[in-house]
Amino acid sequence: MPEFGIIGGSGLYRIPGLEILEEMTVSTPYGDPSGSFTIGRLSGKEIAFLPRHGAGHTLQPHKINYRANIRGFRQLGVRRLLSVFATGGIRPDLAPGSIVVPDQIIDSTSGRASTFFDQDEVVHIDFTEPFCPMLRNFLGRAAKRAKVDLLCKGTYLCVNGPRLETAAEIRAYALLGADIVGMTAMPEAALAREAGICYAGLSVVTNHAAGISEKKLTVTEVKEVMGSSEERLSSILKDFFMLQFKIPACSCRQTLETARM
Ligand code: HPA
């Protein structure tokens, strides 16, 4: 059973170097995940990989069945999950190609199914630290080993999309303390926490956010920068999975113990 999972964002539909073992279709009580899971091996670790938007990028961010995706990983046995995001850089120094491991989230999404507990049970998870500190630390170590520049801190503001932002919205998000903007970290991160899965993000800055540079935003740029970042991303992943994972020093797995009313 794969203990590790990777969710691929826009432009990342395969993991270079992943030795593919099998494809698995998983059905969940919440419906179908974005596609089949590729089970493979990287640096000796068994990994389940899922492209978030579907193999042919057919799912819009607000139409992704985040619950089915996270539940699917859990059903496969995954307890540690890395999520790759394409993001816009709000901080002017975060140029296209920068890689950020965010430590905070501001959720500005709406209308997305954002909890597994919307029936009889009342559950309030602690989300003070939305990303697993242990996985973030390991990503930082892996990037050092791989000699890839990485910013190990940053606030990800999650918008609903699918449209990109106005320049005034980006100015407002900067005042709120956001460093990068994207469309998919929520409710993914919260659902992973509810499922007791350690979860961290690797955000590729694919463009300056609206109004930060003179340039108009294009998905061509997003795809190109994601493509040109693939090699650096996969070096980080290769070194990440080489690290020794012992008993988690985080409390992600115990979240529900103190979250039920
Ligand atoms: N805004 C929102 N989502 C994004 C962006 C952006 O500028 N770039 C890539 N995903």
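Me: Which residue forms a salt bridge with Arg-41?
Reply: This is a predicted model, in which local features need pLDDT of at least 70 and side-chain atom pairs count only at pLDDT 80 or more, while totals for chains, interfaces and linings use all residues. Residues are numbered from 1 along each chain as its sequence is written, and side-chain values use heavy atoms, without hydrogens and water. A salt bridge is a side-chain nitrogen of Lys or Arg within 4 Å of a carboxyl oxygen of Asp or Glu. With closest N and O atoms 3.8 Å apart, the partner of Arg-41 is Glu-19.

Me: Is Arg-80 buried or exposed?
Reply: Buried means under 20% relative accessible area, exposed over 50%, and partly exposed in between (1.4 Å probe, protein chains only). The relative accessible area of Arg-80 is 3%, so Arg-80 is buried.

Me: Which residues are linked in a network of salt bridges with Glu-3?
Reply: The side chains of Arg-80 and Glu-3 meet in a salt bridge at 2.7 Å, N to O. Glu-3 also forms a salt bridge with Arg-253, with the closest N and O atoms 3.7 Å apart. The residues linked with Glu-3 in the network are therefore Arg-80 and Arg-253.

Me: With which residues is Ala-190 in contact, leaving aside its neighbours within four places in sequence?
Reply: Contact means heavy atoms within 4.5 Å. Ala-190 has 9% relative accessibility and so counts as buried. Beyond its neighbours within four places in sequence, Ala-190 is in contact with Ile-125 and Phe-127.
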